[in-house]
Amino acid sequence: GDLCLRGARVSLWNRSPGAIAAFAGAPIKLTGALSTEVRPAMLTTDIAEAVRHAELIIVCVPAFAHEEVARAAAPHLSPDQVVVLLPGRTFGALTFLHSTGLPGDHAPAIAEAQTTPFACRRRDANRCEVFSVKKNIAVASLRRDRRTQISDALQRAKLDTYTFVDNTLVTSMNSIGPLMHCPTMLLNVSLVDANADWARKLRAPTKFYSEFITPRI
């Protein structure tokens with residue numbers, strides 16, 4: 001939705017037909033810090049169709065899915081493309097490259113961001129509530145010699161909130177996921193264990209840090 005707002009031609013891919021079907025007859029709705037209704041140029045479950053002509057490929061999936069996406073996309077990737085993992089979590093860019101099976105000179109330029117650009121939660125099938133927009137996100141290129149290519153692609157997409165750091169050790173070792181989410185899950189284990197209550201709580205309006213990371217936790 002944010003990319004559409006910035007004037008990019010967006011192809012939205014998901015492996016699940018149900019997820020894509022949610023946008024077939026309705027726009028993407030953003031509420032809160034961003035407010036808009038937009039429609040991507042393409043909706044597809046065919047990853048080849050989504051990435052074949054894309055200059056910038058943004059991978060927004062949990063870290064455990066990086067390998068699967070890389071393997072599925074690999075036959076359709078080329079060196080003149082840019083892949084940004086948003087976020088890379090810990091050594092995501094390295095994992096993505098190895099999972100493609102492509103030698104370095106035949107692979108796209110790969111980068112990882114330290115965190116996601118928004119604090120947000122999906123409220124309905126096609127609506128996302130944006131609590132805040134992060135202003136300075138560290139991003140690193142897996143290869144230093146591809147940094148200009150990645151920077152140029154981000155600039156053309158009008159994504160100006162990314163600051164390059166020296167290398168992916170910086171983004172990987174400073175990923176806040178293991179620090180924030182694992183202890184929070186463990187210390188809310190009764191809610192996690194009572195899955196229905198946990199899911200219901202997350203669907204309601206919540207503020208993660210103030211409600212799940214209480215003063216005692």
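This note sets out points on cavities, backbone geometry and salt bridges in a predicted model.

1. Basis of the note. The model is predicted, so local features need pLDDT of at least 70 and side-chain atom pairs count only at pLDDT 80 or more, while totals for chains, interfaces and linings use all residues. Residues are numbered from 1 along each chain as its sequence is written, and side-chain values use heavy atoms, with hydrogens and water left out.

2. The cavity. The whole structure holds 1 cavity of 30 Å³ or more, and the volume of the largest cavity is about 70 Å³. A cavity is a set of points, on a 1 Å grid over the protein atoms alone, where a 1.4 Å probe fits but cannot get out; lining residues have an atom within 4 Å of a point. Grid points are joined across faces, edges and corners, and the volume is the space filled by probe spheres set on the points.

3. The cavity lining. The largest cavity is lined by Leu97, Gly104, Ala107, Pro108, Ala109, Ile110, Ser141, Leu142, Arg143 and Arg146. By class, this lining comprises 6 nonpolar, 2 polar and 2 charged residues. Here Ala, Val, Leu, Ile, Met, Phe, Trp, Tyr, Cys and Pro count as nonpolar, Asp, Glu, Lys and Arg as charged, and the others, Gly among them, as polar.

4. The loop between strand 6 and helix 5. Leu86 and Pro87 are joined by a cis peptide bond, with omega of about 5°. Pro87 is found in the loop between strand 6 (82-85) and helix 5 (92-100); helices (H or I, at least four residues) and strands (E, at least two) are DSSP runs, numbered from the N terminus. Phe91 also has its place in the loop between strand 6 and helix 5, and has a positive phi of about 60° although it is not a glycine. With 34% relative accessibility, Phe91 counts as partly exposed (buried means under 20% relative accessible area, exposed over 50%, partly exposed in between, with a 1.4 Å probe and protein chains only). As background, most residues other than glycine have a negative phi, and most peptide bonds are trans.

5. Lys158. A positive phi of about 60° is found at Lys158, which is not a glycine. Lys158 belongs to the loop between helix 6 (147-156) and strand 11 (162-164), and counts as exposed at 51% relative accessibility.

6. The whole structure has 9 salt bridges, each a side-chain nitrogen of Lys or Arg within 4 Å of a carboxyl oxygen of Asp or Glu. Glu55 forms one with Arg156, and their closest N and O atoms are 2.5 Å apart. Because Glu55 lies in the loop between helix 3 (47-51) and strand 5 (56-59) and Arg156 in helix 6, the pair ties together parts that are 101 residues apart in sequence. Glu55 is partly exposed at 36% relative accessibility, whereas Arg156 is exposed at 55%.

7. Glu67 and Arg71 form a salt bridge, with the closest N and O atoms 3.7 Å apart. Both lie in helix 4 (residues 66-73), 4 residues apart, about one turn of the helix. Glu67 is partly exposed at 40% relative accessible area, and Arg71 is partly exposed at 49%.

8. Arg143, one of the residues lining the largest cavity, forms a salt bridge with Asp145, the closest N and O atoms being 2.7 Å apart. Asp145 counts as exposed at 55% relative accessibility, and Arg143 as partly exposed at 30%. Salt bridges that share partners also join Asp2, Arg6 and Asp160 into one network.

Methods
1 Å grid on protein atoms, 1.4 Å probe; cavity = no way out; pocket = protein on both sides within 12 Å on 5 of 7 lines; lining within 4 Å.
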